[in-house]
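Dear colleague,

I am handing over the structure below, and after it you will find my notes on what was found. Please read them with the model open beside you.

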Amino acid sequence: MAATRVLLLLSGRAESPGFAHSVCRLLGAGPGLGPWSTHCGLKRGRLVLSDEPLPGASTRLPLQVGKRGPGAGRRELAREAGGRARAAQTRPPPPASRGAARINSDGHPRQRSPFCPFAALEQQFGARAAELPTNRGVDPGVAVILQSSDQTVLLTRRTSTLSVSPNLWVPPGGHVELDEELLDGGLRELWEESGLQLPQGQFSWVPLGLWESAYPPRLSWGLPKYHHIILYLLVVSQESQQQLQARIQPNPSEVSAFMWLGPDVAAAVAATEDGTETPRHLPQELPPSVLAVELEEDGGTRPLALPMSTLLRTTPTTAEGKERVSTGTKFALRLWLQHLGR
């Protein structure tokens, strides 16, 4: 097995979670929707999560995995089984390192999605977990919630040609390299996707929370192929939205559009609840659309009036590839609003 990238300390005992294991469950997550508070530290490319305080630099973060309602695992696997039965029938180098990313002691949450496939596989149908890889672990990831000085945050739309999470609105982010510091990984991903480099001394940052991520996100889409713990970082720039936007140069191989969300629209997006099939009605006070910037094939850009209904979509039960905001991003937006005191 490859080197352990996500390490758990359970009552002081080190454990390397396998690919098929629900990290939230191993850390003692109950049957509720979360998030659950977890002690977190990072040692150069390795995320350390503990159910007890860690010595040295650590923080207590909210950890969540897609919130599951009662019986969600059974419904997902029933849909998947039905589907199988029907089928049978018929740029330059990134910025220099800013040193060890030390995190002050504090309290923060963890969370997973309502329809987390790993929780469903473990709790309801453990035999299916045998079909998942046994030679892989859980990988760490990082995503940057970039806040301008006028309190808007940057989201990017992943291109439709990507094999993982196409057409999703997410903050800039991705994997953490071996021996890479936490903050450096986030700033590198921000630079690679948006072209933004933040001058030293002109931004501050704080960890917001942890999200247990699976792709595909629902068992009805198929068994998971990727398993990450995503650390969301809030990076607060001293530059305004206008100043930052003037410097954005999106990477067209990964980004097809970008937009800035203010607290009011972000609150509406964060409040949409994944894991339900109940249609939601737009509050009358919300604008019918949000202004975004879309990339053109010739390398130029054009304004895009993105319907509010697109931003409020929930995760479909089938792999439709529809444009929407990811479940983990909604979790991060909720944490950002809490940080603002909203």
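Val164 is partly exposed, with a relative accessible area of 21%, where partly exposed lies between buried (under 20% relative accessible area) and exposed (over 50%), for a 1.4 Å probe and protein chains only. This is a predicted model, in which local features need pLDDT of at least 70 and side-chain atom pairs count only at pLDDT 80 or more, while totals for chains, interfaces and linings use all residues. Residues are numbered from 1 along each chain as its sequence is written, and side-chain values use heavy atoms, with hydrogens and water left out.

Val164 sits in the loop between strand S8 (153-158) and strand S9 (168-170); helices (H or I, at least four residues) and strands (E, at least two) are DSSP runs, numbered from the N terminus. Leaving aside neighbours within four places in sequence, Val164 is in contact (heavy atoms within 4.5 Å) with Arg158, Tyr215 and Tyr226. The C-alpha atoms of Val164 and Tyr226 are separated by 9.1 Å, although these residues are 62 apart along the chain.

Two packed helices are described by the angle between their axes and the distance between the axes. The axes of H6 and H8, taken as lines fitted to C-alpha atoms over the stretch in contact, with angles from 0 to 180 degrees between N-to-C directions, come within 9 Å and cross at roughly 135°. H6 and H8 are therefore oblique to each other, since angles under 35 degrees count as roughly parallel, over 145 as roughly antiparallel, 65 to 115 as roughly perpendicular and the rest as oblique. On the H6 side the contact is made by Pro263, Ala266, Ala267, Val269 and Ala270, and on the H8 side by Lys330, Leu333, Arg334, Trp336, Leu337 and Leu340.

Lastly, Thr310 in helix H7 is buried, with a relative accessible area of 6%.
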